[in-house]
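Me: I have a structure to go through before setting up calculations. Could we discuss its architecture step by step?

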Amino acid sequence: MQFEEVINSDLLLAWGGNLKHYEKDALIFLEDQHPRFYHQVVEGKIKMYSTTEEGKEFIQGFFSPGQSFGEPPLFTPGVYPASAIAVEPSIVIRLHVDSFKQLLKDNFDIHYKVTCMMAQRILNKANNLKEISCNNPAHRILSILKTYKKDRADAATNQRIRIDFTRQEIADMSGLRVETVIRTMRHLHDDNILVIEKGKVYY
């Protein structure tokens with residue numbers, strides 16, 4: 001899925017950005033690390049995740065071509081609250097934080113676009129936290145699928161779209177056991193709320 005670029009790639013390169021290639025499972029940055037770059041996906045898929053003290057992974061989100069990730073710490077003295085990893089071979093534009101901030105200062109329209117994007121993510125995260133606090137597994141799973149569909153261009157139609165998450169990824173995003181996700185999604189399929197076809201999920 002190709003999203004509209006947060007910031008035009010050519011502009012990022014003109015401001016000193018560079019293209020960084022990552023193999024599958026390559027770490028881009030680590031939780032608690034101080035940020036040095038603005039990151040925007042050109043190709044591939046990036047996952048941000050945090051790890052509990054018990055070692056359980058909680059997925060914060062996935063990012064596709066055109067999307068940026070890990071921006072909030074660029075505006076604070078803080079560190080990354082999550083790690084980022086390439087889940088498939090990927091290309092990412094990296095622009096040093098100082099150049100990124102100057103780019104925003106010199107281009108109000110881009111600054112406004114980045115601000116709106118970050119505000120929408122905060123709202124989505126707040127809504128997701130509210131939804132997954134519900135004990136009903138079906139409610140948790142459907143909230144993730146609805147957010148995924150809403151972010152896609154064809155969300156305005158009533159057509160089902162393929163959900164590009166594995167059952168394990170949905171479990172890691174919802175805080176459920178993967179066995180619970182599999183069982184619940186089968187019930188949702190039986191109730192015609194979603195469709196499972198050859199292992200793929202459509203909602």
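**Sheets, helices and overall dimensions**

Reply: In this predicted model, four strands make up an open sheet with the order E1-E8-E3-E6 and antiparallel pairing. Strand E1 (18-22) and strand E6 (68-69) are its edge strands, each pairing on one side only.

Me: How many bridges join E1 to E8?

Reply: Strand E8 (residues 90-96) runs antiparallel to E1, and five bridges join the two.

Me: Staying with H2, at what angle do H2 and H3 pack?

Reply: The angle between H2 and helix H3 (residues 108-132) is about 110°, and their axes are 5 Å apart. The two helices are therefore roughly perpendicular to each other.

Me: Which residues meet there?

Reply: From H2, the residues are Leu103, Leu104 and Asp106. They meet Phe108, Ile110, His111 and Val114 of H3.

Me: And H4 with H6: at what angle do their axes cross?

Reply: Helix H4 (residues 137-150) and helix H6 (residues 178-190) have axes that cross at roughly 85° and come within 10 Å. That angle makes H4 roughly perpendicular to H6. On the H4 side, the contact is made by Pro137, Ala138, Ile141 and Leu142. On the H6 side, Thr180, Val181, Thr184, Met185 and Leu188 take part.

Me: Back to strands. What is the order in the open sheet that contains E7?

Reply: The order is E2-E7-E4-E5, a four-strand open sheet with antiparallel pairing. E2 and strand E5 (57-63) each have a single partner strand, so one side of each is left without a neighbour in the sheet. On average, neighbouring strands here are turned by 30° against each other, with direction ignored.

Me: How many bridges does E7 form with E2, and how many with E4?

Reply: Strand E2 (residues 27-29) pairs with E7 over two bridges, in the antiparallel sense. Strand E4 (residues 46-51) is also antiparallel to E7, with four bridges.

Me: Are the E7 residues buried or exposed?

Reply: In strand E7 (residues 83-86), Ser83 and Ile85 point one way, Ala84 and Ala86 point the other way, and all are buried.

Me: Now the whole chain. How many helices and strands does it have?

Reply: The secondary structure of the protein chain comprises six helices and 11 strands. The radius of gyration is 18 Å, close to the 17 Å from the globule rule for 203 residues, so the chain is as compact as a globular protein of that length.

Me: What does the C-alpha trace span along its principal axes?

Reply: The span of the C-alpha trace is about 55 × 40 × 30 Å.

Me: What share of the residues counts as buried?

Reply: Of the 203 residues, 43% count as buried. The accessible surface of the protein chain is about 11,400 Å², and 52% of this belongs to carbon and sulfur atoms.

Me: Among contacts between residues at least 6 apart in sequence, what percentage join residues at least 24 apart?

Reply: Within that set of contacts in the protein chain, 71% join residues at least 24 apart.

Methods: Residues are numbered from 1 along each chain as its sequence is written. This is a predicted model: local features need pLDDT of at least 70, side-chain atom pairs count only at pLDDT 80 or more; totals for chains, interfaces and linings use all residues. Side-chain values use heavy atoms; hydrogens and water are left out. Two strands pair if DSSP finds at least two bridges between them. The radius of gyration is taken over C-alpha atoms; the globule rule is 2.2 Å times the number of residues to the power 0.38. Buried means under 20% relative accessible area, exposed over 50%, partly exposed in between (1.4 Å probe, protein chains only). Contact means heavy atoms within 4.5 Å. Accessible areas come from the Shrake-Rupley method with a 1.4 Å probe; for residues, only the protein chains shown count as cover. Axes are lines fitted to C-alpha atoms, for helices over the stretch in contact, and angles run from 0 to 180 degrees between N-to-C directions. Angles under 35 degrees count as roughly parallel, over 145 as roughly antiparallel, 65 to 115 as roughly perpendicular and the rest as oblique.
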